[in-house]
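Subject: Structure for your records

Hello,

Here is the structure I said I would pass on. My notes on what was found in it follow below.

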Amino acid sequence: MKAIASLVVAAAAVTLAAPASAQFAKPEDAIKYRQSALFVMGQHFSRLGAMANGRVPFDAKAAADNAEVVADMSKLPWAGFAPGTDKAAPTKAKPEVWAEQAKFKDYNEKLVAETTKLAAAAKTGNLDNLKVAFSATAGACKTCHDAFRSQ
Ligand code: ASC
């Protein structure tokens with residue numbers, strides 16, 4: 001049973017990772033793709049923020065669902081920062097994204113690590129756990145925005 005569960009998880013991971021290796025038909029598509037994934041992530045992250053900051057009542061099920069979307073979305077945008085996608089459409093991405101690829105990748109990976117913890121924290125059903133993980137994830141967003149996103 002455990003082996004089957006692992007297989008299902010592995011298959012789901014492959015499915016989610018598939019777009020990351022896909023090629024885009026044109027640079028504008030890559031830009032739209034990364035902006036869309038970041039937008040969806042931001043929408044669900046904001047809903048968690050509303051709970052973490054007490055603006056809306058804590059709802060454990062909603063928190064777990066939102067955190068799962070954030071964790072899934074956080075894996076996607078990076079493939080959209082392909083070479084040649086620095087100015088094919090309006091974008092806030094700074095040239096540093098392409099000039100400092102190792103640092104950018106490191107920040108991407110840190111975000112994914114934090115959102116994985118966020119999803120786990122949300123599943124505990126404990127608001128304090130959510131607050132801690134939300135704050136750490138917001139920090140990962142901000143660190144990358146400060147270095148790689150123009151205002
Ligand atoms: C959000 C959101 C972001 C991050 C960032 C954290 O809710 O949309 O981009 O938090 O502002 O500093």
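Phe81 has a relative accessibility of 12%, which is under the 20% cut-off, so the residue counts as buried. Phe81 belongs to a loop, the one that runs between helix H3 (60-73) and helix H4 (96-99). Its C-alpha atom is 7.7 Å from that of Val97, a residue 16 positions away along the chain. Please keep in mind that this is a predicted model.

Overall fold

The protein chain has 6 helices and 0 strands. Read from the N terminus, the order of elements is α-α-α-α-α-α. The chain has 151 residues, and 32% of them count as buried.

Where does the ligand sit? The ligand is in the largest pocket. The residues around the ligand are Phe45, Ser46, Ala138, Cys141, Lys142 and His145. On its own the ligand would expose 320 Å², and the protein buries 60% of that area.

Sorted by class, this shell is made up of 3 nonpolar, 2 polar and 1 charged residues. Two helices, H2 (27-52) and H6 (127-148), each contribute at least two residues to the shell. The largest share comes from H6, with 4 residues. As for polar atoms, an oxygen atom of the ligand lies 3.5 Å from a polar backbone atom of Ala138.

Other residues in helix H6

Lys142, one of the residues around the ligand, also has a partner within the protein: the side chains of Lys142 and Asp146 make a polar contact at 2.8 Å. Asp146 is itself part of helix H6.

Ala133 is another residue found in helix H6. Ala133 has a relative accessibility of 8%, so this residue counts as buried. Along the chain, Ala133 and Ala52 are 81 residues apart, while their C-alpha atoms are separated by 9.5 Å.

To go through this on screen, you could begin with the ligand in the largest pocket, move to Ala138 and its polar backbone atom, and then follow the side chain of Lys142 to that of Asp146. After that, Ala133 in helix H6 and Phe81 in the loop between helices H3 and H4 can be looked at separately.

Regards

Note on methods. Residues numbered from 1 in each chain as written. Predicted model: local features only at pLDDT ≥ 70, side-chain atom pairs only at ≥ 80, totals over all residues. Heavy atoms only, no water. Near = heavy atom within 4 Å. Polar contact = N/O pair within 3.5 Å; in protein donor to acceptor, adjacent residues only side chain to side chain. Areas by Shrake-Rupley, 256 points an atom, 1.4 Å probe, with all protein chains shown as cover. 1 Å grid on protein atoms, 1.4 Å probe; cavity = no way out; pocket = protein on both sides within 12 Å on 5 of 7 lines; lining within 4 Å. Sits in = over half its atoms within 2 Å of the grid points. Nonpolar A, V, L, I, M, F, W, Y, C, P; charged D, E, K, R; others polar. Buried < 20%, exposed > 50% of the residue type's maximum accessible area, 1.4 Å probe, protein only.
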